[in-house]
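Work through the exercises below with the structure at hand. Try each task before you read its solution.

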Amino acid sequence: MTTVDAPPRGSLPLAAARLPVWAPGLVAAVAFGASGLLALLAGWGITAFVVLAAFLFVAGLPLWSAVVEGRRGAMDRLMTSAVWTAFVAALIPLVWLIWTVLSEGLSTINSAFLTYDMRNVVGDDQGGIYHAIIGTLLVTAAAAIISVPVGLFCAIYLVEYGKGKQLARWITFLVDVMTGIPSIVAGLFALALFVLLFGPEIRLGFGGSVALSLLMIPIVVRSTEEMLRLVPDDLREASYALGVPKWRTISKVVLPTCIGGIITGITLATARIIGETAPLLVIAGKTDSVNFNLFGERMTTLPVYIYYSFTQPGTVPFDAPPGTDPPGIARAWGAALVLIVIVMALNLIARIIGRIFAVKKG
Amino acid sequence: MAKSIDVSDLDIYYGDFKAVEGVNMTIKARSVTAFIGPSGCGKSTFLRSLNRMHEVIPGARVEGKIMVDGQSLYDSAIDPVAVRRQIGMVFQRPNPFPTMSIYDNVLAGNRLNSKRMKKATADAIVEKSLRGANLWTEVKDRLNKPGMGLSGGQQQRLCIARAIAVEPQVLLMDEPCSALDPISTSAVEDLIHELKADYTIVIVTHNMQQAARVSDDTGFFNLKAAGQPGHLVEFNSTKKMFSNPDNDATEAYISGRFG
């Protein structure tokens with residue numbers, strides 16, 4: 001199969017046999033066909049069918065390529081198809097998840113669902129998530145207000161002032177440790193803190209913000225640090241050489257240069273903590289009423305609302321057809337859909353902001 | 001307004017590593033002084049120590065004396081920020097601020113120091129500096145476009161305009177033409193000739209012809225051996241350096257026999 005005769009000196013063999021462009025498509029079709037046939041005959045489920053088809057494709061294309069294109073081509077095909085298979089495998093749960101939430105939750109969403117709270121809602125009365133949306137937005141906003149300055153200044157210290165210092169090394173280490181704190185531990189810490197200050201019965205939204213900021217600060221520090229490091233030292237030196245003090249160099253040259261990336265990082269960190277449940281369960285508690293006051297009384301957020309709607313879904317109305325789910329289940333799906341939309345909106349905003357503040361050329 | 005610089009027994013360190021040792025020289029006011037020498041011999045390090053840019057690098061320090069206008073630059077009472085306002089610098093690679101327009105880049109030194117000025121004054125400074133840097137005719141119609149959109153040579157002249165907009169006493173140039181094509185190089189050299197009337201200029205260059213063309217005095221730096229600190233071998237008028245140098249090593253370097 002391999003060429004035995006060395007080409008004569010002077011010749012320049014640049015052309016080699018290649019599989020036609022439709023080869024991957026053909027192999028995929030054959031793989032799915034063969035797998036489907038086997039699945040039909042043996043009576044397998046859809047999972048076994050897909051897995052076998054993927055395996056046949058990943059094995060088949062390099063084999064064919066090895067015959068036609070040789071070793072390097074075959075390896076290339078193997079890696080390419082492995083990467084594509086991994087990509088599709090990673091995409092399946094994501095698409096599946098969005099599809100499930102959409103199909104289960106969409107029917108629940110209406111204007112009443114978004115503007116009613118759950119006060120005195122019994123059975124399958126029209127309830128809503130207004131109180132949970134308010135709770136989520138307030139708690140997350142307060143967490144961001146705490147985390148952004150702390151994280152930003154911490155990152156500025158690490159990159160601009162602390163280079164090579166012992167303190168900076170310790171802070172980096174502690175930030176790394178903080179990244180790994182389980183969220184429930186952050187919640188228990190906030191609870192312990194506020195119980196110590198205000199007595200054992202304390203439950204308040206601001207406590208949730210403190211717990212969430214513990215989770216958010218390390219993410220903000222990390223992303224801001226990366227962005228600051230991307231700013232070339234040339235710019236700092238150019239600024240110093242003009243007789244600009246260091247703090248003005250940082251605030252007027254370094255930060256504006258990477259502000260797009262920093263804001264993107266902060267928005268993504270917010271999107272990451274907005275879905276936290278565990279810390280809010282213990283410190284923010286749960287209520288059926290709208291509460292605009294972060295510093296008093298319990299406050300429900302969307303994830304906590306979803307948790308309680310799912311674990312305590314209420315009873316099925318006696319006149320409902322058999323097999324009907326309790327009303328809480330549908331509300332949980334609806335709230336989950338709203339939460340996903342909020343997170344996606346945040347991601348979208350992050351991208352737009354990154355685009356707007358990106359350094360313009362030309 | 002230009003000032004002369006007196007350097008005596010200057011040693012420059014990066015942490016424990018001695019990069020340059022025992023430099024003595026007098027840089028004359030309203031003249032161009034060039035430094036030549038092989039890579040890594042401490043020319044740029046020496047240049048950066050002249051406006052206290054050297055200490056921006058962690059662990060870097062200087063021993064010895066640099067006197068400007070009767071004041072010792074490394075005295076504890078001296079504010080490095082004030083020094084850099086008087087002794088400007090142009091770098092090897094053009095580094096305009098990417099977030100700013102051409103106009104704002106020229107004014108950066110004034111604006112970043114929060115000097116408040118009228119629009120007319122600002123316009124006058126921008127035009128004067130850009131004319132000084134030979135860039136005015138090329139950019140006067142697009143002053144509000146980003147500075148990064150210019151070509152490499154234009155960017156470098158923009159950086160020079162930015163440096164002279166704050167009207168320093170001394171202008172340090174660290175291989176300002178090494179990234180430029182011959183046409184831009186000659187534009188920068190013409191500029192150096194013009195700036196000489198008002199500024200004390202110190203330039204580091206790898207280009208011997210350039211040193212011969214633009215400078216009045218030349219300093220030759222060299223290494224004794226790899227890992228050893230660099231030192232000033234000879235400091236003389238350019239004419240003498242390139243025709244009849246005192247030192248054999250200088251002649252060997254200039255005639256291209258080593259380094």
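**Exercise 1.** Find how many residues of domain 1 of chain A are in contact with domain 2 of chain A.

*Solution.* This is a predicted model. Start with the bounds: the domain assignment of chain A gives residues 23-105 as domain 1 and residues 112-357 as domain 2. Next, count the contacts. Four residues of domain 1 of chain A meet five residues of domain 2 of chain A. On the domain 1 side, the residues that touch domain 2 of chain A are two nonpolar, one polar and one charged. Last, take the centres over C-alpha atoms: those of the two domains of chain A are 39 Å apart.

**Exercise 2.** Decide how chain B compares with a globular protein of its length.

*Solution.* First list the elements: chain B has ten helices and ten strands. Along the principal axes, its C-alpha atoms fill a box of roughly 55 × 45 × 30 Å. Buried residues account for 48% of the 259 residues in chain B. Finally, take the contacts in chain B between residues at least 6 apart in sequence: 69% of them join residues at least 24 apart.

**Exercise 3.** Find which residues have the most contacts inside the largest nonpolar core.

*Solution.* The largest nonpolar core holds 132 residues, and M216(A), A335(A) and L171(B) have the most contacts inside it. Helix α8 of chain A (residues 205-230) gives the largest share of this core, 13 residues. Another core lies apart from it, with six residues, including A31(A) and F57(A). Now follow L171(B): among the residues it touches are G88(B), V90(B), L195(B) and Y199(B).

**Exercise 4.** Describe the side of chain B that touches chain A.

*Solution.* Count first: 24 residues of chain B and 22 residues of chain A take part in the contact. Then find the elements of chain B that give two or more residues: α2 (80-86), β6 (87-90) and α3 (102-112). Now sort the residues on the chain B side: 13 are nonpolar, seven polar and four charged.

Definitions and conventions
Residues are numbered from 1 along each chain as its sequence is written. Chains are lettered from A and ligands numbered from 1 in the order in which they are written. This is a predicted model: local features need pLDDT of at least 70, side-chain atom pairs count only at pLDDT 80 or more; totals for chains, interfaces and linings use all residues. Helices (H or I, at least four residues) and strands (E, at least two) are DSSP runs, numbered from the N terminus. The radius of gyration is taken over C-alpha atoms; the globule rule is 2.2 Å times the number of residues to the power 0.38. A residue is buried if 20 or more other C-beta atoms lie within 10 Å of its own, exposed if 12 or fewer, and partly exposed in between; C-beta atoms are placed from the backbone. Two residues are in contact if their C-beta atoms, placed from the backbone, lie within 7 Å. A nonpolar core is a set of buried Ala, Val, Leu, Ile, Met, Phe, Trp, Tyr and Cys residues joined through C-beta atoms within 7 Å. Domain bounds come from an automatic or database domain assignment. Ala, Val, Leu, Ile, Met, Phe, Trp, Tyr, Cys and Pro count as nonpolar, Asp, Glu, Lys and Arg as charged, and the others, Gly among them, as polar. Lists of a residue's contacts leave out its neighbours within four places in sequence.
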